[in-house]
Every structure is written in structure tokens, then in C-alpha cells.
Amino acid sequence: IFLCPACQRDVDLGERGLGSLFRNLTLERIVERYRQTINISTTIMCQFCKPPQLEATKGCTECKSSFCNECFKLYHPWGTQKAQHEPTPPTLTFRPKGLMCPEHKEEVTHYCKTCQRLVCQLCRVRRAHASHKVTPVLSAYQALREKLTKSLAYILSSQDTVQLQIAELEERVKHTEVNGSQAKEEVSQLIRGLCTVLEEKQATLLQAIQESQQERLASLHHQVQEHRAMLENSGMVGYTQEVLKETDHPCFVQAAKQLHSRIVRATDSLQSFRPAATSSFSRFQLDLSREMKLLTDLTFIKAPEAPVIDTQRTYAYDQIFLCWRLPQHSPPAWHFTVEYRKSDTKAKALKLWQRCEEVRGTSALVEYLDTDSVYVLRVKGCNKAGFGEYSEDIYLHTPPAPVLNFFLDNRWGFNRERLAISKDQRAVRSVPGLPMLFAAERLMTSCHLSIDMLIGDMAITQGRSYWACCVDPSSYLVKVGVGLESKLQEWFQGPQDVVSPRYDPDSGHDSGAEDATVDAPPPYAFLTIGMGKILLSHGSALTSRDPSGCTIPLPPRIGICLDYERGKVTFYDAVSFRGLCECGVDCSGPVCPAFCFIGGGALQLQELVASKQERKVTIGGLSKLD
């Protein structure tokens, strides 16, 4: 175990200990240069001259010695292996020319990016580095030198900024000293105030005990005096005995009348003896368990813990609805600060955070956002102790186009017997009922099931539009998409059935009528959903019967994006904004959102964030911060 000099943590170096580490030759060379600068007058003598020794003029790394000119020639004769030794300046510390592998004692030639370690040729071919990214040392040298040069140049060019930051830190040190002293004084005053309250309470409680003690003692002393009067040699008993000796009847009655009352009281006290006061003070005991716990737990107030983002309720639509909560045992927060910024991986510099302070409640709206962008958001709470930690960053993708706000058209076209539209015209449920059962029973003879269609109350004539809806996973078959308004009107005027041969535009007759429109975009574009699955097929139009394709699980929300100019409609997973499929659609006229049902099913249009009633604050056009 080795103690790291930088972080003071224990490091396990294995069986070889420090021997498994590389020598830091660069640091050794730097130290040597500084030593030579400090001891510039120090002379290095030849290690092989006979006295008197001459000053060394050359050094040899292989021999690890310093020589004068004559001794260097003598010990490196021409024509021998030593003659190949390269002379160096004289020194007292000799280092190898290059780094050697601690394990194989060979010169390192490569750098493992995965392990971030220099390796030799033998290390490179070992299994430990077989799948690692290994590059020549020269490549690693050039890359690191370039990075280090740029970083150093930036630091040298930012000296004014460094000075400003040093001044700011020094000012912060002064404020820390002043505020620390002030905090100590405030705590001392509070503790002194608490001690004063305890002393006053102590005096009040002791006074109550003292008063009770005096009252009890007085009662007991009086009772003692009464009982002492009943002793044989006491005054009352002796006086009674003398009165009994009186023979004059009137005088006896006069004296004995008052004496008899005293004797009766003494007799009753003797017969029903009970101390006039208790000696126990048990009712004057204190239960300080709660107060002691409060004093034991007495500590500084803490800032709120990092809020937890509620990912189930947080989403992006026309705006971003952000919802969070504090951990269970977190100190309370007076208010929250919400920060967000656009995440652009291609940008050279990070975007500045936009902030909204003093957000009351645990939810907020973020508006004025760019479409088809990723935003990162975070939250922190604040109370008397200051701001707490930030929540974990959450990344939300905004819709690919402006959100289209529309309602389901309940005025014309749809079958009121089988489709039920909600009052707010944002949800619809297909209720097949008995007619569907009767039709299903006659399906094998001549009856054909029909499609129930519903459209939006708004048509699109230009630009790009996006909307989303939720489809009930238990729906038998639902189609969501768009259609040319003129074709939709024709559909409502004479709806086709599902399995009738007349439904297929290719009737099997070789009339050539279908060939004329084979390249024309279809008037409808739908995504087929059924029984919790999405059918992804090559044909995306309503009239397509292409059986090839695959199914994927139904996401919580489906997004539809129409590009009117391009004549394209794209379907998305509205939670992750992952594209599901894209197909063409005829945009020669107004295009409407459309929905089809076969059998039971239900869907609901995504509610605009701006219309949510539970919002707490709206964020938009906020000041920027670093």
C-alpha cells in the first residue's frame, strides 16, 4: 500500500510495489537543470584521473561516469564497443536515454489509449492489450504536445483574467473571514439567549418548589404542636386535670365549655391521624427527554437536497412542462430556481443557462423554445441556509415542427351511433355495439365491416405542423394520420367497407385506369395501430394492402408531423421523438388530421402545455447567466 502524495489516498501497487512504476525522467531532468542553475559554480571532477584530478568535460550514460578529455579517450578506445557511446555533459546523476518497461526492461514504443499507459513491444502483443487502442509513442507525443501547447497558450493569454479571478478570490477570503466571525457571534448570542431562558425557567421552577416546601412545613409544624399538647405533661392535659377538680358547678361549666371543644379536636386528630402534608415531591419532576433530543439534534439548518425530476409527468410539446419533488427527508424549500439551455453538440461553446428564480411550487412551464432541438434542464431549491444541490440534468427533445392546436370535428361526417366525442372535443371512443356484432355474424355471407372516420376541425395549407395523440392500447384497430380534405369529403359521402372487392382500387380488370395514377402520391397517409402494436409496412396509405412489414410496441404517445411543401408525413414516438416511418401524401389541396376506427377503440389528442391548470410559473425570455 502506497500513500498518494496528491490526494492522500492509499494505492495498491501490487507485489512489485514502486518497482512497477515508470521513472519520471522529465521531472528528473527539470530538477537537474534547477540544481545546475543554483549551484552553477560547482565543479564536477573526473572520476578516473589520478591525483590531482582534472575537471570533467564529458559524461557517459552507459558508463554512468564523468571523464576529462584524456580519460574519455582512454576508456573509450577506437574500434571497440565503448567507442559507440555518445558523450553527454558531465553530471553526478545518470539516467537512461528513454523510459524502460518495468516488467520487461525494454524501451517503451507504444501508448495504450484504453489503459492510458506506455507499453513496450512485448506488452503490446500480450492478451491484456489485445483489444485495446494502441498507438505509437510519436503519435501520442504529438497529440499531447499539441493539446498542452494550446492549453498553455490559452493560460498565458488569459493572465488578466487570472489576476481578476485572484482578486475575486482574495475578496472572497476577506468576506469569508468576516462572515465566519459574524456567524460565530450570532450562534453565541443564540446560545446565550437559550441559556438565559433556561436560567429564568430554572428560577421559576425552583421558586415553585420552595413555596410548596414552606407551605408543607408550616402545616406539619402546626400538626406537631397540636400533638404535643396532648402529652401528659403538656399544658392542655394539665389544665384539663385541674378543671376536673373544680366542684362549683357554674364555674366548671364556664371553664369546661371551651376546653371541651379543644379536647374533642385533639381526640379526633388522634383517632384519625394523617400527616397534614406529604413529604414526596414527585409531582415536581421534569420530563426533559423531548427537550434533550431537541438539544442533541440542535444543528445548523441545511439547504434543500437535490430535487428529483418526475420523468413521468415531465414532457415537451408546445412548451416544456417540468415537474419535480424533494426527497422524503429533505429540508423544506422556500422556492426553487429553474435553469435550462439548448444542448448543441456541434457548437464550439456551451450555451448560456437561462434562469428563473423564486419559482413557487414544484412545477413550471418553459416557453419560447426552438423546434426540433434538445434542451437540458435542472432545478435547485433554496431556503434560509441558501441554495441546495442541482437536480440531475434532464434532456427533452422539442417537436420537429410548430404544434397544431385543433379539435375533433363533431359537426359532420362521423357516425354518431358508433363514435362518441368528449365535450372538450379532444377525445373520442369507438363503441361498436350490437350492429357490429350482427355484422360480424354475417361476415362469412355478404356483410362487410365499415370504417368509422373522424377528422380535425382545422385544415393545413402550408408549412410544417405537428400534433400528438394517445391511443388506448386495448383498441382493436385505429389509424391515425392525414388526408386530403376533398377526398375525405368524398369518403364521408359514400364510405367504403373494409373487405368488399370494391374497396380495392385495383379491381383486377386491366383497364389501365390504375396505371395512370401509379406515380401520384396517395390522398391519405395513416399509421395502423392495433391491440397495443404498431404495424410498420411499406405502404402507408389507407388503401394499402401490403402485408409485409413488422410490428413494434405502442408508445404512450404518437406524433404526426406534416410537411405540406414536401408532401411528406412522418410518424414519431412522441416520447423519445424517434421516427417510426415516413410516407408521401397528396398536398394539392387542404390537408386535415384524420382518425379511423374498426371495432372498439379510443384516442385522445395531446393537451397543450399552455392550457394546463396545474402550472405554477411560466418561464420565457429570461436573463442569461454563465
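Predicted model: local features only at pLDDT ≥ 70, side-chain atom pairs only at ≥ 80, totals over all residues.
1. Strand β23 covers residues 524-530, and because 7 of its 7 residues are buried, the strand is largely enclosed by the rest of the structure. The burial holds on both faces, with Tyr524, Phe526, Thr528 and Gly530 on one side and Ala525, Leu527 and Ile529 on the other.

2. Strands of a sheet pair through backbone hydrogen bonds, and the pairing may be parallel or antiparallel. For β23 the partner described here is strand β22, residues 477-484, and the two pair in the antiparallel sense over 6 bridges. Within this pairing, glycine 483 stands opposite tyrosine 524 of β23.

3. Elsewhere in the model there is an open sheet of 3 strands in the order β7-β6-β8, paired in the antiparallel sense. The edges are taken by β7 (117-119) and β8 (134-136), each of which has a single partner strand, so one side of each is left without a neighbour in the sheet. From one strand to the next, the twist averages 35°.

4. Strand β6, residues 110-112, runs antiparallel to β8 and is joined to that strand by 3 bridges, with tyrosine 111 standing opposite threonine 135 of β8. Helix α4, residues 137-157, packs on this sheet and touches β6, β7 and β8, while its direction makes about 85° with that of β8.

5. The count of aromatic pairs comes to 13. One of them joins phenylalanine 48 and phenylalanine 67, whose ring centres are 4.7 Å apart and whose planes lie at 5°, so this pair is stacked. The two residues are 19 residues apart and the pair links distant parts of the chain, since phenylalanine 48 lies in the loop between α1 (25-38) and β3 (58-60), and phenylalanine 67 lies in strand β4 (residues 65-67).

6. How exposed or buried are these two phenylalanines? Phenylalanine 48 has 31% relative accessibility and so counts as partly exposed, whereas phenylalanine 67 has a relative accessible area of 1% and is therefore buried. Phenylalanine 67 also forms a tilted pair with tyrosine 75, at 6.1 Å centre to centre and 40° between the planes, and tyrosine 75 counts as partly exposed at 32% relative accessibility. Ring pairs link Phe48, Phe67, Phe72 and Tyr75 into a cluster.

7. Rings also meet charged groups in this model: the charged end of arginine 216 sits over the ring of phenylalanine 281, 4.2 Å from its centre, and that of arginine 378 sits over the ring of tyrosine 390, 3.8 Å from its centre.

How values were computed
Residues numbered from 1 in each chain as written. Heavy atoms only, no water. Buried < 20%, exposed > 50% of the residue type's maximum accessible area, 1.4 Å probe, protein only. Helix = DSSP H or I, 4+ residues; strand = E, 2+ residues; numbered from the N terminus. Pairing = 2+ DSSP bridges. Axes fitted to C-alpha atoms, helices over the stretch in contact; angles between N-to-C directions. Contact = heavy atoms within 4.5 Å. Phe/Tyr/Trp six-rings, centres within 6.5 Å; stacked < 30°, edge-to-face > 60°. Lys NZ or Arg CZ within 6 Å of the ring centre and 35° of its normal.
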